[in-house]
Amino acid sequence: MRSAGTRRRFAPGAVIWSQGEPSQHVFVVLAGRIRVSTGSVAGREAVLAICGPGEIVGELSAVDGRTRSANVAAVDEVEALVVPAARLDRLCEQQPRIAWAMLRVVADRLRQTDRRGEYTDGPAAHRAVALLLDLAEQYGQPVAAGVEIALSISQQQLADTMAISRESLARVLRELRKRGLVDTGRQRITVLDLDGLRELGEQQA
């Protein structure tokens, strides 16, 4: 993959590509994190994933040649390997292991899509708990207080991801703080009691 691509750097907040753009490349994240999201005519932004080093982004459009299905932006300073779709196609023919790895990436994306159904349906509290558990599992970092989810995502973006209002999310987070399950800060949520949050999620299911 390294021999077939070129390295590029993106500043924090830089738009790497926008939903609906023509597709010609697949990106492999070498350093930093990127945010994958979808937008709507109402201006809402649902965050689909945060991808870090070693992850591939844009694989579907590179395979089928269709326009980009999501927005991609740099969360912090990003270095990425940019591989043209034509070169990726040849690589997959020459190196079956790469094709198999790409298939696993697609399968993982489908599983993520299935999980998103848990936090886009039902009462706001159920959606919020399901999303926090998912984020803690995928992106949480152990800290003294518990598991910190630091993703540079606003509460509005989290609310849009769950298809609820920001006010509804704020009420749920306030209740979770009262229960001693989470602590919140600027673009940061710390799960103080992961087992307790899982138990609450099971009760809501």
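**From values to terms**

Guide: Arginine 35 has its place in strand β4 (residues 34-39), where strands (E, at least two residues) and helices (H or I, at least four) are DSSP runs, numbered from the N terminus. This is a predicted model, in which local features need pLDDT of at least 70 and side-chain atom pairs count only at pLDDT 80 or more, while totals for chains, interfaces and linings use all residues. Residues are numbered from 1 along each chain as its sequence is written, and side-chain values use heavy atoms, with hydrogens and water left out.

Visitor: Why is arginine 35 called buried?

Guide: Buried means under 20% relative accessible area, exposed over 50%, and partly exposed in between (1.4 Å probe, protein chains only). Arginine 35 has a relative accessible area of 15%, so arginine 35 is buried. Leaving aside neighbours within four places in sequence, arginine 35 has contacts (heavy atoms within 4.5 Å) that include Glu45, Val47, Asn71 and Gln157.

Visitor: What makes β4 and β5 a pair?

Guide: Two strands pair if DSSP finds at least two bridges between them. β4 and β5 have 6 bridges, in the antiparallel sense. Strand β5 (residues 45-51) is mostly covered, with 5 of its 7 residues buried.

Visitor: Which strands are the edge strands of the open sheet, and how do you know that?

Guide: The open sheet has 4 strands in the order β1-β8-β3-β6, with antiparallel pairing. β1 (6-10) and β6 (56-57) are the edge strands, as each pairs on one side only. β1 pairs with strand β8 (residues 78-84) over 5 bridges in the antiparallel sense; arginine 9 has glutamate 79 in β8 as its bridge partner. Helix α2 (residues 85-94) lies across β3 (25-31) and β8, running at about 75° to β8.

Visitor: Why is alanine 86 called partly exposed, and why is alanine 163 called exposed?

Guide: Alanine 86, in helix α2, has a relative accessible area of 48% and is therefore partly exposed. Its C-alpha atom is separated by 9.3 Å from that of valine 63, 23 residues apart along the chain. Alanine 163 lies in the loop between α5 (155-162) and α6; its relative accessible area is 55%, so alanine 163 is exposed.

Visitor: What is the phi of alanine 163?

Guide: Alanine 163 has a positive phi of about 60° although it is not a glycine. Most residues other than glycine have a negative phi.

Visitor: What makes α4 roughly perpendicular to α6?

Guide: Axes are lines fitted to C-alpha atoms, for helices over the stretch in contact, and angles run from 0 to 180 degrees between N-to-C directions. Angles under 35 degrees count as roughly parallel, over 145 as roughly antiparallel, 65 to 115 as roughly perpendicular and the rest as oblique. Helix α4 (residues 124-139) and helix α6 (residues 166-178) pack at about 70°, with axes 9 Å apart. α4 is therefore roughly perpendicular to α6.

Visitor: How does α5 pack against α6, and which residues meet?

Guide: α5 and α6 pack at about 100°, with their axes 8 Å apart, so α5 is roughly perpendicular to α6. Among the residues that meet are Leu158 and Met162 in α5 and Leu169 and Leu173 in α6.
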